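Let's take a walk through this model together, with the viewer open beside the text.

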Amino acid sequence: MNTIKRGERLIERGDPIFREGEHIRHLYTVIEGVLIRYRSLEDGRRQIVNFMFPGDLVGLQGAFDEPASHSIEALISSRLCHFDRSNFQGLIRENPQLGYDVTWLAAKEEAALEGHIVSLGRRSAKERVVFLAVWLLDRALATGVANEGNTLTIPVTQSQIADMLGLSLVHTNRTIRTLDKEGLVEWGPREICVPNMEHAADYAGFDRDSRGRRPYI
């Protein structure tokens, strides 16, 4: 990666990496932090599609020669490595293991998107929120954003939860308060706590990742 690395980029919470409709000249890898990927509607509403953690590639989710189909912004202060998209094919050709890692990451993102689609289409509001909390904590543990334990320090707002899960703000707030009373998920302004991960995963139908460490590109 260092052979085509063009530098690093520091971004603050809420800052964009690129916007929907822009032509992307660079690819990025997340070194530190968490990003959100989303699509916007003409009236300003948006759908958060996924969260991106250290080791994830940013910019490969769309066709190389077309404008970006989504926007990416920082959920927390983050550090990215950036390099030219034009050099990526040669890098993969010369490093087959890297090609395998990229394919593995793409397959995992596909599986994550399937889980989120099932939430939007079939899970109840409570199941959606629990699924998202367990998924975020599981990803954070796998990428070093969270240490061993059941707590993730990250400022996901109720508005962002609603944008991810297709719920109104009122319904989101009511659901979070209910889950807190039931002891399934404690979702505060800057912290997510899942007291019993196994019970919460079973409740939401979340299959916890049995694989070891993720590739870190």
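Cys 193 has a relative accessibility of 16% in this predicted model, and because the limit for a buried residue is under 20%, Cys 193 counts as buried. Cys 81 counts as buried too, at 7% relative accessibility. How many disulfides does the structure hold? The number is zero. For that term to apply, two cysteine sulfur atoms would have to lie within 2.5 Å.

Cys 81 also gives us a way into the strands, as it sits in strand 8, where it stands opposite Thr 29. Strand 8 covers residues 78-84 and pairs with strand 3, residues 26-32, in the antiparallel sense, with six bridges between them. In general, the strands of a sheet pair through backbone hydrogen bonds, in either a parallel or an antiparallel way.

Next, have a look at strand 4, which spans residues 35-40 and is joined to strand 5 by six bridges in the antiparallel sense. One of the facing positions here is Ser 40, whose bridge partner in strand 5 is Arg 46. The two strands make a hairpin with five residues between them, and in this hairpin Gly 44 takes a positive phi near 100°. Strand 4 also runs antiparallel to strand 7 (residues 71-74), with four bridges joining the two. Leu 35 stands opposite Ala 74 of strand 7.

The charged end of Arg 46 sits over the ring of Tyr 38, 4.7 Å from the ring's centre. Another arginine is placed over a ring as well: Arg 123 lies over the face of Phe 131, at 4.0 Å from the ring centre.

That brings us to contacts between rings. A pair of aromatic rings is described by the distance of the centres and the angle of the planes. With centres within 6.5 Å as the limit for a pair, the count comes to three aromatic pairs. In one of them, the rings of Phe 51 and Trp 135 have their centres 6.3 Å apart and their planes at 55°, so this pair is tilted. Phe 51 belongs to strand 5 (residues 46-52) and Trp 135 to helix 3 (residues 125-143), so the contact ties together parts that are 84 residues apart in sequence. Are these two residues buried or exposed? Phe 51 is buried, with a relative accessible area of 2%, and Trp 135 counts as buried at 6%.

Trp 135 has another partner in Phe 53: their ring centres are 6.4 Å apart and their planes stand at 80°, so this pair is edge-to-face. It links distant parts of the chain, 82 residues apart, with Phe 53 in the loop between strand 5 and strand 6 (57-58) and Trp 135 in helix 3. Phe 53 is buried, with a relative accessible area of 0%. Put together, Phe 51, Phe 53 and Trp 135 form one aromatic cluster.

Note on methods. Residues numbered from 1 in each chain as written. Predicted model: local features only at pLDDT ≥ 70, side-chain atom pairs only at ≥ 80, totals over all residues. Heavy atoms only, no water. Phe/Tyr/Trp six-rings, centres within 6.5 Å; stacked < 30°, edge-to-face > 60°. Buried < 20%, exposed > 50% of the residue type's maximum accessible area, 1.4 Å probe, protein only. Lys NZ or Arg CZ within 6 Å of the ring centre and 35° of its normal. Pairing = 2+ DSSP bridges.
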